[in-house]
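I'm opening my notebook on a structure that is new to me.

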Amino acid sequence: MAKVVVIAERCKSCQYCIKFCPKNVLALGTKVNSKGYEYVEPVNDDCIGCCMCARICPDGAIEVYK
């Protein structure tokens with residue numbers, strides 16, 4: 001089982017990771033980072049470790065641990 005970690009301070013809410021995740025692991029959260037962006041959060045444990053979210057993130061805000 002893989003684990004997704006979002007570095008909140010780097011996230012700018014582009015939501016590419018949400019759109020490209022095949023297992024719908026990520027969703028836009030309600031908390032706001034210091035830059036004023038609502039950041040993405042993992043919402044379930046269905047991650048298969050494809051790393052698509054980490055690859056597509058333009059800000060390098062996602063890490064996937066297998």
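**Entry 1: a lysine and its partner**

I began with Lys12, which is partly exposed because its relative accessibility is 41%. My cut-offs: buried means under 20% relative accessible area, exposed over 50%, and partly exposed in between, with a 1.4 Å probe and protein chains only. A note on the source: this is a predicted model, where local features need pLDDT of at least 70, side-chain atom pairs count only at pLDDT 80 or more, and totals for chains, interfaces and linings use all residues. Residues are numbered from 1 along each chain as its sequence is written, and side-chain values use heavy atoms, with hydrogens and water left out.

What does the side chain of Lys12 meet in a salt bridge? I found Asp59, at 3.7 Å from N to O. The rule I used asks for a side-chain nitrogen of Lys or Arg within 4 Å of a carboxyl oxygen of Asp or Glu. By this rule I count one salt bridge. Lys12 lies in the loop between β1 and α1 (16-20), and Asp59 in the loop between α2 (52-56) and β4, so the pair ties together parts that are 47 residues apart in sequence. Asp59 is partly exposed too, at 27% relative accessibility. As a reminder to myself, side chains of opposite charge can pair when their charged atoms come close.

**Entry 2: strands**

Helices (H or I, at least four residues) and strands (E, at least two) are DSSP runs, numbered from the N terminus. Two strands pair if DSSP finds at least two bridges between them.

I looked at β1 (residues 3-6) and saw Val4 and Val6 on its covered face, with Lys3 and Val5 on the uncovered one. β1 pairs with β4 (residues 62-65) in the antiparallel sense, over four bridges. Lys3 has Tyr65 of β4 as its bridge partner.

Next I checked β2 and β3, which are also antiparallel, over four bridges. Ala27 has Glu41 in β3 as its bridge partner. The two strands form a hairpin with five residues between them, and in the turn Gly36 has a positive phi of about 95°.

**Entry 3: Asn33**

Is Asn33 buried or exposed? I found that Asn33 is buried, because its relative accessible area is 6%. I placed Asn33 in the loop between β2 (26-32) and β3 (38-42). Its side chain reaches the backbone oxygen of Cys11 at 2.9 Å and the backbone nitrogen of Lys35 at 3.0 Å.

For contacts I took heavy atoms within 4.5 Å. Leaving aside neighbours within four places in sequence, Asn33 is in contact with Ala8, Glu9, Cys11 and Tyr39. I then turned to Ala8, in the loop between β1 and α1. Not counting residues up to four places away in sequence, Ala8 touches Asn33 and Tyr39. Ala8 and Cys51 are 43 residues apart in sequence, and I got 17 Å between their C-alpha atoms.

**Entry 4: Asp46**

I found Asp46 in the loop between β3 and α2. Asp46 is partly exposed, with 43% relative accessibility. Asp46 touches Lys23 and Val25, again not counting residues up to four places away in sequence. Val4 is 42 residues from Asp46 in sequence, and the C-alpha to C-alpha distance is 9.9 Å.

Notes:
Polar contact = N/O pair within 3.5 Å; in protein donor to acceptor, adjacent residues only side chain to side chain.
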